[in-house]
Amino acid sequence: MKRKRAAEMESEMRSATAQLSVDHAAPDIPTKPFLSLCYVILRFLDKVGPTMAVLRQDIHQNIQRLESVYESDPLLYSNMVEVLKKEMNDGIARNLTSCSRAFLWLTRSLDFTVALLEKSREEPRLSMEQAVEDAYNLTLKPWHGWISSAAVKIALKLVPDSERFDRLLTANDERNDTLVEEIDSFISQLSPFLEHIHSILRLYRLDRLKSA
């Protein structure tokens with residue numbers, strides 16, 4: 001079972017890394033590859049466990065919002081920068097149900113995933129609860145209101161005390177070096193991609209928005 005789980009995660013990381021094969025210097029963020037990347041992150045969070053249920057629901061809703069707009073006109077909405085421009089021009093970018101806000105929160109969810117994976121690499125024997133809490137405090141908590149923060153705090157209590165993050169990275173209690181390499185590759189490509197996205201969000205003054 002552990003070997004199968006490790007192999008599945010290797011595949012997920014490889015798939016996610018493939019989604020990042022874009023030119024980070026390019027001014028656009030292709031919508032379809034971005035959504036595919038978000039789906040990979042969603043499947044990764046499923047493996048983390050029930051403590052991710054609240055975050056997972058938000059991510060899925062935001063993916064669906066962007067998908068709905070993209071599918072209404074794939075040519076027009078082929079890249080997220082055009083979506084941001086249109087909503088800024090229409091004066092709706094900051095609305096609670098805007099695609100711009102969905103894009104922002106998906107980006108922050110990717111920030112969270114990177115922080116969580118870095119924790120797994122730096123402190124593999126850290127408890128799952130502590131790893132998730134540390135990553136959350138660093139990336140999402142500054143932008144959440146008290147209701148969202150309280151929901152996450154309650155969810156953290158669902159993680160069994162014995163659960164460690166390294167159990168996601170092991171097979172028969174041996175560290176899976178191939179998976180670790182996949183994670184390193186994924187982080188090394190995702191980090192500059194996220195920096196590029198954040199520069200675009202700052203350009204459109206969307207980077208400081210908080211949850212309602």
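Reader: In which segment is the place of Arg205?

Author: Arg205 is found in the segment after α8; helices are DSSP runs of H or I with at least four residues, and strands are runs of E with at least two, numbered from the N terminus. The model is a predicted one, in which local features need pLDDT of at least 70 and side-chain atom pairs count only at pLDDT 80 or more, while totals for chains, interfaces and linings use all residues. Residues are numbered from 1 along each chain as its sequence is written, and side-chain values use heavy atoms, with hydrogens and water left out.

Reader: Why is Arg205 called exposed?

Author: Its relative accessible area is 65%. With a 1.4 Å probe and protein chains only, buried means under 20%, exposed over 50%, and partly exposed in between. Arg205 is therefore exposed.

Reader: What is noted about the phi of Arg205?

Author: The phi of Arg205 is positive, at about 55°, although this residue is not a glycine. Most residues other than glycine have a negative phi.

Reader: How do you know that Arg108 lies over the face of Trp105?

Author: Arg108 stands at 4.7 Å from the ring centre of Trp105. The rule asks for NZ of Lys or CZ of Arg within 6 Å of the ring centre and within 35 degrees of the ring normal. Arg108 is accordingly placed over that face.

Reader: What makes a set of residues a nonpolar core, and which members of the largest one touch the most others?

Author: Such a core joins buried Ala, Val, Leu, Ile, Met, Phe, Trp, Tyr and Cys residues through side-chain atoms within 4.5 Å. The largest nonpolar core has 55 residues, and Phe34, Leu66, Phe103 and Phe112 touch the most other members. The greatest contribution, twelve residues, comes from α5. Contact means heavy atoms within 4.5 Å; beyond its neighbours within four places in sequence, Leu66 has contacts that include Phe34, Met80 and Phe103.

Reader: Which residues line the second largest pocket?

Author: Among them are Arg108, Asp111, Trp143 and His198. This pocket contains about 180 Å³ of space.

Definitions and conventions. 1 Å grid on protein atoms, 1.4 Å probe; cavity = no way out; pocket = protein on both sides within 12 Å on 5 of 7 lines; lining within 4 Å. Points joined across faces, edges and corners; volume = space filled by probe spheres on them.
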